[in-house]
Amino acid sequence: MENKGFINTLINGTNFDPDSLSALQKVTLRAVVMSFLFFGLVAIEGMIMRMVQTGPVNPLPKMFNHPDHYFAIMTAHPIVGIFGSTYQLVFAAFMFLVPYLTKKPLYSIKLANAVWILITLGTALAWTAAFAWHYAPLYTLYWPLPADIEQFKLIGGIVFIIGVALIMVGTIGFIYNIYATIFQRVGVHKNKTTKELLISGFGIDGMMNLIHKLTGKPPYSKEPALSLPVVAIFRGTVDTFLDALVILGAGVLVLVYLLADAGGISLNVHAVDSLLYKNFFWWGLDLVADGLVLIYVAGSWYLLATIITGQKLFMENVARAALLLELVVSWMVWSHHLLADQPQPEMMKLVSGEMVTAFELLTQGLALFITLVTLWKARPLKMTPQLAYLLGGLVGFGLAVPAGIIQADMGMNRVLHNTQWISFAHFHMALIVGLYMTLYSALYVLWPLVTNNTKLYSKKLTWAHFWLYLIGGIGMGAFVGMAGLEGMLRRHMYVNGEFNTMLVLGAIFGSMVLIAWFLFLLNVVMSVGIKGLIAIFMPAKNNIATYPSDLAVEK
């Protein structure tokens, strides 16, 4: 009887009714589903690489241990993780939240569907190029490596770059949809001018309020046109746009060389200055981490803290001004990736790589402080999954940001930057623990809104996922990061078990992340059912692009 109940729930879910979903809710869930499927793929890829690095004791088939396959996985891994998974989840959340927070319809449901389809297809193509043709210029795409057809098959390069281009086109579609929604003069913004929305979007009103307060003048704006979370989305999307243009531009350049080779024309790769290309590329790519992620995450913390506590954000004007400062800082910090490059100008290393980068400790630390004080002022609080995951996200960035700032020094950078310390103690910790636990908190907050109060199958699975994910993510980042302190280089293949102790421990904790993902997926599938999961991808019965406001957030 118990087994029958399990099977029935697996097929039909708890109380999920896909027919009740609006078009906005369905397009949100489609992107979320694809995001977590890609997360599973990236977790498996990560475990394969961990096992390969343990050398002779790993039980993997011979093909996984071949250098061509290993570096192909290393190339596909961040594409799948950052774009296929993280972008999809962030974009899904924000394409739902902007209409929800502004009480306006999403500008275009068709465009929202095109976004998740383009990013899914682009990620699949980039992954296929690595898997089928071992196209492996690594995620840096440093010139002229991606255009090298002597090391890599021409078809692999073309498919990979087309995949990346589709991801960037999808990203630009997301940006257009967000801004078109924000600037619609309907609802609460019916009487707002474009100037007012721009001033609020960039946080200028928050900065002016601070100046007026310090000089004893009346507030510049008592009620800003945009709420603080929308401001963070607006501002982070500026960096998303710049990043998309840079990566798309780099992709077009590579594609020109590859297509020329396909046509029998050999273009001179030395016509492009490799150092200039590297600065251009990292200026754009760094906007993902130091602009997009930090600004989006800060805004998410603020939103989650206010929803969980039901109180106004502590130091809201300071938070608005800090987001504006972070935007400017994010445009000027890219050179910390090039501190160890000898041809890089010393003044650029000093100003951009060291001095300006140090501001990120201030801006992100301020966001963490504001969020914690908001939570503290609302105590006592019940420890719900939403709150637990938010605290986990704060812990993740509390560990990852200082680990990165340590390297924003020319001396320390020489020692650490090309090691697994940067890979795991810094950006794996930031993404897996900091970013994803923040997104899980948002997911649990938005779950009743997006699914029309569908009951989650198991609270025990929710908490098991939390503890496995938190401990596994921190443990993996810490132990493989320690291997970096012992001299383990990144983008390097070890086959003799040189760092086995730390890598085995890292693999054990990494497997906890993989198990946690499976438990989360099981919980979600059991909640919506297989029929409901399929129905998410069917056309919505009502084409509403707004959120039905009579549903309340369950705290």
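A polar contact is a pair of N or O atoms within 3.5 Å; within protein, one must be able to donate a hydrogen and the other to accept it, and residues adjacent in sequence count only if both atoms are side-chain atoms. The side chain of serine 200 reaches the backbone nitrogen of leucine 226 at 2.9 Å.

A quick word on the source. This is a predicted model, where local features need pLDDT of at least 70 and side-chain atom pairs count only at pLDDT 80 or more, while totals for chains, interfaces and linings use all residues. Residues are numbered from 1 along each chain as its sequence is written, and side-chain values use heavy atoms, with hydrogens and water left out.

Back to serine 200, which sits in helix α6, residues 194–201. Helices here are DSSP runs (H or I, at least four residues; strands are E, at least two), numbered from the N terminus. Is serine 200 buried or exposed? Its relative accessibility is 1%, so serine 200 counts as buried. The cut-offs are under 20% relative accessible area for buried, over 50% for exposed, and partly exposed in between, with a 1.4 Å probe and protein chains only. Leaving out residues up to four places away in sequence, serine 200 touches residues including Asp205, Pro224 and Arg320, where contact means heavy atoms within 4.5 Å.

Now for helix α12, residues 359–377. Why does its length agree with expectation? At 1.5 Å a residue, its 19 residues should span 27 Å, and the end C-alpha atoms are 27 Å apart, so the two agree. The expected span is 1.5 Å times one less than the number of residues. Among the buried residues of α12 are Glu360, Thr363, Gln364 and Ala367. An α-helix has 3.6 residues a turn, so residues three or four places apart point the same way.

Next, the loops. Proline 380 lies in the loop between α12 and α13 (385–405), and the peptide bond from arginine 379 to proline 380 is cis, with omega near 5 degrees. The bond from tryptophan 143 to proline 144 is also cis, with omega near 5 degrees; proline 144 is in the loop between α4 (109–133) and α5 (154–182).

Methionine 315, in the loop between α9 (274–309) and α10 (316–330), has a phi near 55 degrees, a positive value in a residue other than glycine. At 28% relative accessibility, methionine 315 counts as partly exposed. Asparagine 453 is in the loop between α15 and α16 (459–485), and has a positive phi of about 60 degrees although it is not a glycine.
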